[in-house]
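Here is a short report on one protein chain. Have a look at the sequence and the model before reading on.

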Amino acid sequence: IKELNSKLEKKNQTKQEAKELKELKSQLQSDEEKILEELSQNYNLELSSLCSEILEPNILPVSLEFPKTNQYNVSIPNDDGTGDSYTSELVFDLAVLNKTELPFLIHDSYLYSNIRGKRLDRIISKYNDFQKKQIFIAIDQIETLEPETRVLINERKVISLYANGGELFGESWNNAIN
C-alpha cells in the first residue's frame, strides 16, 4: 500500500508539474507576443519618421512585423521589388542604429545598386545625421548621385579604391598568380 501510495503521489506530482509547465509556457508565449508588439510599434514609429525623409510622399513607410515569435519581416507594404527590399533593409538598419547603443553600421555596395532616383541621395544624406556613430559604406558609381551627395561622400571618405593600381594592398585579389 505504501509503495502504491508513493507511486500515486509521484504520478499526481508529475501531472501537477506538467500543468504548471503548460501554464508557464502559455504565459511565456503571451509575454513574448506583448513584447514583440511593443517592439514593433516602437520601431514602426521610428521607421515612419525615417521614411518621411527618405521615401517619396506617396509610398507607404517601411514596417516591421513579427508573424511568429521567432520570425520577423521588414518591408515596404505592397512592394517587394529589389530596390524597395534593399531600401527597407537600409532604413531598418538606420532605425536600429538610432534606437540602440550600436556604435557603427556597415553597408556594402550591392545594397545601393538597385535603389533609383533621389532615394539613395536621401539615404546617404541621412547617414550624415549620425555624428556620434560611425557609418562605413562601399559605394560604386557615385557619378549618378546628386552633386551635393557626391560632395558629402568626398568630404567624408577615408579610402577610395579603383582598378589598375588603386586596389587595396596594390593588386587585385583575383588576379592569376604568375
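## Basis of the model

This is a predicted model, in which local features need pLDDT of at least 70, side-chain atom pairs count only at pLDDT 80 or more, and totals for chains, interfaces and linings use all residues. Residues are numbered from 1 along each chain as its sequence is written, and side-chain values use heavy atoms, with hydrogens and water left out.

## Overall layout

The protein chain has four helices and four strands. Helices (H or I, at least four residues) and strands (E, at least two) are DSSP runs, numbered from the N terminus. Along the sequence they follow the pattern α-β-β-α-β-α-β-α.

The radius of gyration of the protein chain is 26 Å, whereas a compact globule of 178 residues would come near 16 Å. That radius is taken over C-alpha atoms, and the globule rule is 2.2 Å times the number of residues to the power 0.38. Along the principal axes, the C-alpha atoms fill a box of roughly 90 × 55 × 30 Å.

## Surface, contacts and charge

Of the 178 residues, 24% count as buried. Buried means under 20% relative accessible area, exposed means over 50%, and partly exposed lies in between (1.4 Å probe, protein chains only). The protein chain exposes about 13300 Å², and carbon and sulfur atoms supply 51% of that area. Accessible areas come from the Shrake-Rupley method with a 1.4 Å probe; for residues, only the protein chains shown count as cover.

Contact means heavy atoms within 4.5 Å. Take the contacts between residues at least 6 apart in sequence: 57% of them join residues at least 24 apart. The protein chain carries 21 positive and 30 negative side chains, and the centres of the two sets lie 10 Å apart. Lys and Arg count as positive and Asp and Glu as negative, while His and the chain ends are not counted. Each charge is placed at NZ of Lys, CZ of Arg, CG of Asp or CD of Glu.

## Helix α3: mostly covered

Seven of the nine residues of α3 are buried. They are Arg119, Leu120, Asp121, Ile123, Ile124, Lys126 and Tyr127. The list includes charged types: Arg119, Asp121 and Lys126. What covers these buried residues includes α1 (2-54), α2, β3 (104-107), β4 and α4.

Helix α4 spans residues 147-156, and its buried residues are Thr149, Leu152 and Ile153. These three cover an arc of only 95° around the axis, so they sit on the same side of α4. The arc is that of the directions from the helix axis to the C-beta atoms. The buried residues of α4 pack against α3 (119-127). The face turned away from the buried side carries the exposed residues Glu148 and Glu155.

## Two residues of α1

Serine 40 is in helix α1. It is buried, with a relative accessible area of 10%. Leaving out residues up to four places away in sequence, serine 40 touches Leu64 and Phe66.

Glutamate 53 is also placed in helix α1. At 40% relative accessibility, glutamate 53 counts as partly exposed. Leaving out residues up to four places away in sequence, it touches Arg122, Lys126 and Asp129. Glutamate 53 and lysine 126 are 73 residues apart along the chain, yet their C-alpha atoms are separated by 8.3 Å.

## Phenylalanine 136 in β4

Phenylalanine 136 lies in strand β4. It counts as partly exposed, at 41% relative accessibility. Leaving out residues up to four places away in sequence, it touches Phe104, Leu105, Ile106 and His107. Phenylalanine 136 and valine 158 are 22 residues apart in sequence and 9.4 Å apart in space, C-alpha to C-alpha.

## Positive phi in two loops

Most residues other than glycine have a negative phi. Asparagine 78 has a positive phi, near 65°. It is found in the loop between β2 (71-75) and α2 (82-99). Asparagine 78 counts as exposed, at 78% relative accessibility.

Glutamine 141 is not a glycine either, and has a positive phi of about 50°. Glutamine 141 lies in the loop between β4 (134-137) and α4. It is exposed, with a relative accessible area of 55%.
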